[in-house]
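Please open the structure in your viewer and keep the selection panel at hand. The stops below say what to select next and what is there.

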Amino acid sequence: MSELVKKNASELVELLQSGEITSVELTHAFLDRIEKLNPVLNSYLHVNAKEALATAVEVDRKRAAGEKLPMLAGLPIAVKDNLTTTDAPTTAGSKILEGWIPQYDATVVKLLREEMMPILGKTNLDEFAMGSSTEFSAYGPSKNPWDTGRIPGGSGGGSSSAVAGFLAPVAIGSDTGGSIRFPAAVTGTVGTKPTYGAVSRYGLIALASSLDQIGPVSRNVLDAALLSDVISGYDKHDSTSLPESLGSMAEAAKSGSLKGVRVGVIKELNGEGFQPGVKARFNESLELMVKAGAEIVEVSCPSFEYAIAAYYLILPAEASSNLAKFDSVRFGMRVTPEGNPTIERVMAATREAGFGPEVKRRIILGTYALSSGYYDAYYGSAQKVRTLIQRDFDAAFEKADVLVSPTAPTTAFKFGEKLEDPLAMYLNDIATIPANLAGTPGMSIPNGLATEDDLPSGIQLLAPAREDKRLYAIGAALEALHEAVWGKRMIDFAPEVKAGA
Amino acid sequence: MAKAELMNYEQALEKFEVVIGLEVHVELNTNTKMFCGCRNDFGDEPNTNVCPICIGLPGSLPAVNRKAVESSIAIGLALGCEIAPNGRFSRKNYFYPDLAKNFQTSQYDEPIAFEGTIDIEVPSGAVYTVDIERAHMEEDAGKLTHVGGNTGRIQGAEYSLVDYNRAGVPLVEIVTKPVYGAGAEAPELAAAYVRSIREIVKALGVSDARMERGNVRCDANVSIRPHGQEKLGTRTETKNVNSLRSIERAVRYEIQRQAHIIANGGTITQETRHWHEDRGITSSGRPKSDADDYRYFPEPDLVPVQPSNELIEQIRASLPEKPAERRKRLQGEWQFSDLEFRDVVNSGLLDELEETVAKGAKPQAARKWWTGEIARLANAEGKDVADLAITPADVAELATLVESGKINDRIGREVLQAVLEGAGNPAKIVADRGLEVVSDDGALQAAIDEALAKQPDVLEKIREGKLQAAGAVIGAVMQAMKGQADAGRVRELIIERANA
Ligand SMILES: [Zn+2]
């Protein structure tokens, strides 16, 4: 294997800028590895070799000609397959969109093209991002590079397995309840959900509009920051995007320190149901931070108890409406039943054949939650919980600069383990969901291997809305402490994935 | 679809009180659509003014058209409404192929404008105050054309075509509170109300306001209850009644139909009904209940509309003159009697008249043309005057031609007919067809000679002081010259002859 693919993105950018490597060389290195390992990992649903190389050629030509290039020009990237791309099919992991090539690029994809980053391909996800394991992808699950018998997290398991398996240096994910952070935790990578509105959602196939947020997937905090600086910013096409800039995350990541930082431990996310090894590693990190000058304070967020319940009302409600457009009339799959079918029967047959079980489950749940007579009890109450959770955060951030918790209760579980038990699956997101409900930013960084299974665990950092810089500053500082203790990056502990396994 | 049995109208009103409610959709004439940058012009080649947003492609998001918000505020203010400091969009969820996203982005519990009133004058001169419940913004759906089958409806069609040019066109829906107490005048009030809304949005310049093009559409709710009964009767909603005349007829029809049913021990079904212009009846549409479940919820892709006080006051300051004040002013300027003026107002021709006068016609002449011949022709064709293919400029030109003596009234009517048939403007028609009145004495003298030859005793009668005898000769001359003779000049020449 080319050692090039194992380097952090920030190092690769320096090599590109200094002319030590070309973008074509780098892009080829990743494409070669994809060719070899994607059959095993199923990280990508579609590989865009030709288009990626064309971008790389263009970057190299411009660099050779001495033209000014954007910061990350020539650095390859993978994009989750729920963002629209005009040069590649976009499926959102669903059969109902099989073969659909969008007529427009998502704003984030447009920004990546402007940055001249070769897009390697589209990564796998649970259908319409509904799931925590990629087992609900209509195109088969992605595998965890640490153990191909285990899930890479979800919904963004394609991006996490690509970045953890060195099939891409960085990737784009989307996080509705933990879909960037949970996969990061179980694959030993970094996943960030920015403040709601920091990154335009235009072109992101919506799951739950008020919860969805696009963010970076990477192997370290600085890489996440570099990518965040490319994809963030106001977009007139997304009315919910923030008009003001949140500043440079790369600057924040480079100037991180824990000295004098008040780190809040969320009482409600440090108790039962967490795997002992995950908890042990979490407590070690707290000690590390104290040694580095941080102060640990305990905070209470009593309403977090209702977060999952509220989330599983708001999400299906919005999703049931967002997914109504998949009706065969204008795009995507069309199933025409026997006989002389009416439009209603064509729509029904298409949705019956095109949607998987988890999608149907949530559409039914959401339709029910919005029904007249139930609206107040379900959707209305859930919105109230949302307000309470925001208040919990506000109170907690009075006492602490940043909040921490284990990202997920467990390490990566085995395929099939929770497939028949939706509630157990939903509980994976217990620590990540509150940030989506409150619109606040969160980041998961590698937090060492759990002793009982030698699998990665993650620590989640949470900051107030618009204070994303704190995550990068404190995350980078903690990451440096970890690497000093471990002697290398956590991803370097990962066993080599065997081709054809 | 048999014609329902109807109760005599006067009898129906003796027995029942009528309650109406009106929902008027006004299509805004913004340059672009409600939530995207596509041109707001659905007359173009089908599916040309479309984009990922208005055809609801996955991943697309709406962004509110600021101009549409301002137009909606202007409508709200003109109707005396409060403007919501925090208006929200909601999704109205239902599946239909003309609805690109299978939900309509509309306003539900937080409309942009609410609680207004408007005074409406009906033809009798009575004035009713209509309370406005709300005016809210929403997007239009695409247009379906059902091919095959013979009803033009989706049932029985072989296939259907969808044109999304209209999808996302901005609409303002204005909803009244129930209107009580109009009695026998309820149908006239309904029509006069819609006419007022049309006048207002036209004066505001926010809509083209042409009913025949669907710029203004009305759904009329009608219910009746025995006099003295507290509980409201079951209502029907007659959809898309698209002319003022039809609104009046449809409301009257519903009153008579419902009265017959109730008087015979039946019950009214709560439903939408369709108005059939040709047969003058309504027919049953789909049953509608208050429990229709559209699963409304706040549109998460849009932030609330929060117009600043400055913006609201700025719009308020730029509102055109209120219709009532304008009417008072115009009546004074034109020096019309109350009766003459009311006739103009009731015919809905105030705008036309004002424009015609502005183009140079004398007010009385303009009035006579519009409320006389033009109204008669419209009536004969079962249309609204505003829907005829004639402009105020045409009428001003016509009036000026008559005023100057270039043509007479009769020729004027002929020219009018030609304008309506699309032959061009009046001056052109007069020139093309050589219709100008002949006042050349030579030609007239020849015709008079010929006429006198057949009626030799006329000159003698005139000399005896029986001036009316000239009439017969004038008539003969006019006939000979196909009406194009200058009758005044002919008369003068005959009298000159007699006295020679
Ligand atoms: Zn459009």
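**First stop: a buried alanine**

Select B:A186, which is buried, with a relative accessible area of 2%; buried means under 20% relative accessible area, exposed over 50%, and partly exposed in between, with a 1.4 Å probe and protein chains only. This is a predicted model, in which local features need pLDDT of at least 70 and side-chain atom pairs count only at pLDDT 80 or more, while totals for chains, interfaces and linings use all residues. Residues are numbered from 1 along each chain as its sequence is written, chains are lettered from A and ligands numbered from 1 in the order in which they are written, and side-chain values use heavy atoms, with hydrogens and water left out.

B:A186 belongs to helix 3 (residues 186–204) of chain B; helices (H or I, at least four residues) and strands (E, at least two) are DSSP runs numbered from the N terminus. B:I20 and B:A186 lie 166 residues apart in sequence, yet their C-alpha atoms are 7.3 Å apart in space.

B:C81 is in no disulfide, and the nearest cysteine sulfur, that of B:C218, is 17 Å away. A disulfide is a pair of cysteine sulfur atoms within 2.5 Å, and by this rule the count over all chains is zero.

**Third stop: where the chains meet**

Now display both chains: the contact takes 38 residues from chain A and 33 residues from chain B. Between them the chains bury about 2700 Å², 61% of it on carbon and sulfur atoms, where buried area is the accessible area (1.4 Å probe) that two parts lose on being put together, summed over both. Highlight B:P58, B:L61 and B:R295, which supply 22% of the area that chain B buries against chain A, more than any other three residues.

Which residues lie nearest the centre of the largest cavity? Select A:K325, B:I53, B:S60, B:K101 and B:F103, which hold that place among the 30 residues of the lining. A cavity is a set of points, on a 1 Å grid over the protein atoms alone, where a 1.4 Å probe fits but cannot get out, and lining residues have an atom within 4 Å of a point.

How values were computed: 1 Å grid on protein atoms, 1.4 Å probe; cavity = no way out; pocket = protein on both sides within 12 Å on 5 of 7 lines; lining within 4 Å. Contact = heavy atoms within 4.5 Å.
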